[in-house]
Amino acid sequence: MTTAVIADDERLLREQLRARLTEVWPALAIVAEAKNGAEAVALTEQHRPDIVFLDIRMPGMTGIEAARAIAQLPVDDDDAETSASGDGPPWHGPEVVFITAYDQYAIEAFEQGVVDYVLKPAERERLQLTVERIRKRLAQRRSDDGEGAPSGAPRRSSAMSVMSM
């Protein structure tokens, strides 16, 4: 099962993203929601999701700062057959999807390895396209892993997608 963490300082936007993701990707399990960047990093370390949806503008730690911190989280060894905790497949870091209404962050986001950038409002069809791109990236990571493990191949560079909600 593919898992995700959502981080946005606005509760209604978290709820909207959760609802839209349920429409376009019913099998996606949202395992946690964060109200700020620091909480997103902590929840990512705790839950080890396949995907993290990050708002860019949040109090304290921004989404871009959180993505950098998430990229530095410890991951499982390349040759590990299970996670360090022994409770699942090896974890090699999440794919990151930025969520923002501010296009001035596009350049910095692309410098972080962005796969997509969707401006607000994110129409259902556009969100579906983003989800398909993420699914393809995860499928590639699984095939690189050799076992089809849901967490992906041993890589530190996450694909980052920017989406505005």
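Biologist: A salt bridge is taken here as a side-chain nitrogen of Lys or Arg within 4 Å of a carboxyl oxygen of Asp or Glu. How many salt bridges does a search of the whole structure find?

Modeller: The model is predicted, so local features need pLDDT of at least 70 and side-chain atom pairs count only at pLDDT 80 or more, while totals for chains, interfaces and linings use all residues. Residues are numbered from 1 along each chain as its sequence is written, and side-chain values use heavy atoms, with hydrogens and water left out. Side chains of opposite charge can pair when their charged atoms come close. For the whole structure, the number of salt bridges found is nine.

Biologist: In which order do the elements of the protein chain run from the N terminus on?

Modeller: Helices (H or I, at least four residues) and strands (E, at least two) are DSSP runs, numbered from the N terminus. The protein chain has five helices and six strands. From the N terminus on, their order is β-α-β-α-β-α-β-α-β-α-β.

Biologist: What percentage of the contacts between residues at least 6 apart in sequence join residues at least 24 apart?

Modeller: A contact means heavy atoms within 4.5 Å. Among contacts in the protein chain between residues at least 6 apart in sequence, the share that joins residues at least 24 apart is 69%.

Biologist: Is Trp25 buried or exposed?

Modeller: Trp25 is placed in the loop between α1 (11-24) and β2 (29-34). Leaving aside residues up to four places away in sequence, Trp25 touches Thr2, Ile51, Val131, Ile134, Arg135 and Leu138. Residues under 20% relative accessible area are buried, those over 50% exposed and those in between partly exposed (1.4 Å probe, protein chains only). Because its relative accessibility is 4%, Trp25 counts as buried.

Biologist: Why does Arg14 count as buried?

Modeller: Glu33 counts as partly exposed at 27% relative accessibility. Arg14 counts as buried because its relative accessibility is 8%.

Biologist: How many residues apart in sequence are the parts tied together by Asp76 and Arg48?

Modeller: The side chains of Asp76 and Arg48 meet in a salt bridge of 2.6 Å, N to O. Asp76 lies in the loop between α3 and β4 and Arg48 in the loop between α2 (37-47) and β3 (51-55), so the separation in sequence of the parts they tie together is 28 residues.
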